[in-house]
Amino acid sequence: MIDFKLQDKTHDETRQGEALVLDKKGDGKKLYIESYGCQMNFADSEIVASILSETGFETTGDYQNADVIFINTCSIRENAEQRVRNRLSQFGVEKRRNPKLVVGVLGCMAERLKAKFLEEEKLVDVVVGPDAYRDLPKLINQVEDGHKAVNVILSREETYADVSPVRLNTNGITAFVTIMRGCDNMCSFCVVPFTRGRERSRDPFSILKEARELFENGYREVTLLGQNVDSYLWSSEKAPKKVTDDAADDMNTLTGDALLEALSNKTDLPSALIKEHSEGSVNFAQLLAMVAEIHPDLRVRFSTSHPKDITDEVLYTIAKYDNICNYIHLPVQSGNSRILALMNRTYTREWYMNRIDAIRRIIPGCAISSDIIAGFCTETEEEHQDTLSIMDYAKYNFAYTFSYSERPGTLAARKYKDDVPEDVKARRLAEIFKKQQEDSLACLEEFVGKTVRVLIEGFSKKSDKEYRGRNDENAMVVFPVTDSVKPGEYANVYIERCTSATLIGRAVNN
C-alpha cells in the first residue's frame, strides 16, 4: 500500500518515480507509467491510464513487461529533469532488448523541450504535452508504423472533464479531483504557464459527479486540485467570461520596482485580478460548498491557494462546513516586498500578512503551510531576514523550502542575474529549514492532551499493529489498531505525545 503521508506536498519526494498500477490483470497491452513532480502530474497519469484503457491497455508495475513506457515529467525543479534523463538511459537498455517497445515523455518537461527531446534522447518515440493526452492512442499507432510522434499543442479549452480517471495505487479512501488546468499568474521563477498553458476551469457538474461517485465507491476524502484554486470560475455560455483577463495581463507585464510601486500605492490592486461572477457562474467558494454538501462524511481539501486570490468568502465557506478541512496551503515564497515584486507575485508583504490575519480571525486554529524560496535573484541579507520574520508572524504548520534554481524560459532567467552565491543560498535555506522545524514541532505540541478526529488511511509504514491517518489540520496521526474502527472510517484519537512530524495517541470513544 502506498503511503500518502505527504500527499499535499507540492513535490512529494516519497512518490517521485512511482509507477502507477491498477490492480487488474488481463491479456491487453501493458502500459508502464512513471510520474514525477507535483500532485497534478499524478492525477494526470490517472487520466492517461483511463484514456488508454479504452483502447485495451492495462497498467503494469514492471517496465520490463511493458509494451509502452511513459514518464510523466516535471520542469519546476532542475533535479526533476535530471532524474527523468537518468531514468530514460535505464529504459534504453530495455529498448535495445525489445526494439518494439514504445518510450514516451509526457507532461511539463515534454511541453518545454518539445521536439528537441527526440533529438537529444534518441530512444524517445513519443513527446506529448499535458493538453494532448486524448491523442495518445493515435500517436502510439503512429510510432508502431515506424514514425516518431509529437503533440505539444496547448489548449484554452481542454479540461478532461468527461474523462473518469482510473484510480491508480489507490488506498480506496483518498483521491484527487482536478478542478482546473493551467495558470495565468506568470510568476517570474515559474515555467508552469508555459508548460500547462492558460488557466481554464472545469465545469462544476462533472466535478460534483466525480466526487459523488468517489464517495459512493467508498472514498472518504477528496482533494480539489489546481495551480491556483482560488481563481476557479466557471461560467455558463450566457454568463460573462473572465472579464478581468485584460487587467491580469496588464499586471503580469509589471515587474520589479514598477510593480512594487503599484502595489504599495494601491493596496487593493490585487482585487482587480479576482474574476467577477454573476448569475450562471460558479466561483471557488461556491464549488467548495457544493462538494461539501455531497455528504457530511466526505472530507474536502484543496491545493493550491494564491495569496492574491484567496477571499474572505472562501474562508467563511471553510468555517461554515465541518467537513471542509481547516488547512490552507498559502505559498509566500518571500517575506520581502521588493523580492515579491521581482517574483511577480502581485502582492506585498503587508497584503500577505492581512490574509494570514483573516485566516486566523475567520477560522481559528486553521493550519497553514507554505512554499519558501531562499536566495532569489539580488536577495540581500536584510531581505532574507524579512522571510524569517514573516515565518515568525505566520507560524506555519509546515513549509516546503527550496533554494532558487533558475529555470530556462522564465522571466527571471531572461531578465535577472542569478547572483546569490550557492553557499549563501545553502546557508539561508538551512536557517529557514531550522526555523520551520521548530515551528512545526510547536504546532504539533498544541495537539498533545487533546482528542482529534482522524480519517484512517491504512496501517503505518512501520507496523501493521498501528493505524495512520490525518486530522482536520493535515497532521499525520499514528495510533494502535483497535477493533472498533477500520481504514476508511473516522476515529477519535487522544494525542499523548508527538515527534517533529507525527502525532501519537490512542483511540477513544469510537
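## What lines the second largest cavity

Seven nonpolar, two polar and four charged residues make up the lining of the second largest cavity (Ala, Val, Leu, Ile, Met, Phe, Trp, Tyr, Cys and Pro count as nonpolar, Asp, Glu, Lys and Arg as charged, and the others, Gly among them, as polar). This is a predicted model, where local features need pLDDT of at least 70, side-chain atom pairs count only at pLDDT 80 or more, and totals for chains, interfaces and linings use all residues. Residues are numbered from 1 along each chain as its sequence is written, and side-chain values use heavy atoms, with hydrogens and water left out.

A search of the whole structure turns up five cavities of 30 Å³ or more. A cavity here is a set of points, on a 1 Å grid over the protein atoms alone, where a 1.4 Å probe fits but cannot get out, and lining residues have an atom within 4 Å of a point. Of its 13 lining residues, Ile47, Pro165, Thr178, Arg202 and Glu210 are the closest to its centre.

Now for some strands (DSSP runs of E, at least two residues; helices are runs of H or I, at least four). Three of them form an open, parallel sheet in the order β15-β16-β17, where pairing takes at least two DSSP bridges. Six bridges join β16 (residues 367–374) to β17, and Ile373 stands opposite Phe402 in β17.

Conventions: On a 1 Å grid over the protein atoms alone, a cavity is a set of points where a 1.4 Å probe fits but cannot get out, and a pocket is an open set with protein on both sides within 12 Å along at least five of seven lines; lining residues have an atom within 4 Å of a point. Grid points are joined across faces, edges and corners, and a volume is the space filled by probe spheres set on the points.
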